[in-house]
Amino acid sequence: DKTGDINNFKSKADITNTLKELYDKDSNNVNNTRCLVEFAHIMKSGDIVIAKEGKRNYIGYGVVKSNYLFNSKKNEYKHERNIEWLQKGNWIDNEDIVQKTLTDITKYPTYVDRLIKIMGINMNNTNHEVKKISKLKYKNLIFYGPPGTGKTYKFNNEYKQIFKDRIEFITFHQSF
C-alpha cells in the first residue's frame with residue numbers, strides 16, 4: 001500500500017528500490033515487484049482469478065472486469081481490480097497450493113486442469129482474451145511501451161503459443 005500507484009513508476013527497478021526503502025532493505029523484493037507489475041500491467045480484463053486461503057483451500061473464482069486501480073482513500077488494500085465472482089465456496093485440494101500472493105498459473109497446464117476439476121470451473125462461460133486473439137488473423141503484432149512493463153513477458157506467456165506457426169521474425173528493440 002505504501003508504494004502508491006504502480007502507474008507512477010518508470011521501471012521494475014524503481015518499484016524494487018521503493019519496496020526496499022519502505023519495507024525491507026535486505027530483501028531483493030523480486031517476488032513483490034513481480035506481483036505488483038503483473039497485477040497492474042499484465043493481468044487484464046477477461047482473465048480468470050482464483051482466490052485461495054492457506055495451503056489447501058480455494059475460496060472462489062471470477063473474471064477480471066477492470067483495469068488496475070489505485071484507491072488512495074482506503075486504509076489498506078489500495079491496489080484494486082474489479083472482479084465478477086462467478087463462484088464462492090470452499091474447495092479443498094489434496095496437494096499444496098502455490099504460495100505467492102499472485103501467481104500466473106497458465107504455464108502449468110496440469111495445475112490448471114486440476115483446478116478446473118476441483119472447482120468445477122466452466123471455461124465456456126468465461127470471456128478470456130486469449131480465446132479472442134487466437135481467432136484473429138494478424139499479419140503483424142507490435143508490442144510497445146516503456147521498459148519493464150511486461151512486453152516480453154506477455155509475448156512469451158500469452159501470444160507465443162498462439163502464433164507459433166506464423167512467427168517468422170521477432171525483434172525487441174530496447175531503444176523503443
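**Strand pairing and helix packing in the predicted model**

Strands β1 and β2 (residues 57-64) pair in the antiparallel sense over 6 bridges; strands (E, at least two residues) and helices (H or I, at least four) are DSSP runs numbered from the N terminus, and two strands pair if DSSP finds at least two bridges between them. The structure is a predicted model, in which local features need pLDDT of at least 70 and side-chain atom pairs count only at pLDDT 80 or more, while totals for chains, interfaces and linings use all residues. Residues are numbered from 1 along each chain as its sequence is written, and side-chain values use heavy atoms, with hydrogens and water left out.

Within this pairing, Lys52 has Tyr58 of β2 as its bridge partner. The open sheet has 3 strands in the order β1-β2-β5, with antiparallel pairing. β1 (48-53) and β5 (83-92) are at the edges with a single partner strand each, so one side of each lacks a neighbour in the sheet. From one strand to the next, the twist averages 20 degrees.

Turning to the helices, α1 (residues 12-22) and α2 (residues 30-42) pack at an angle of about 125 degrees, their axes 9 Å apart. Axes here are lines fitted to C-alpha atoms, for helices over the stretch in contact, and angles run from 0 to 180 degrees between N-to-C directions. The two helices α1 and α2 are therefore oblique to each other (under 35 degrees counts as roughly parallel, over 145 as roughly antiparallel, 65 to 115 as roughly perpendicular and the rest as oblique). The contact (heavy atoms within 4.5 Å) involves Lys12, Ile15, Thr16 and Leu19 of α1 and Asn32, Thr33, Leu36 and Val37 of α2.
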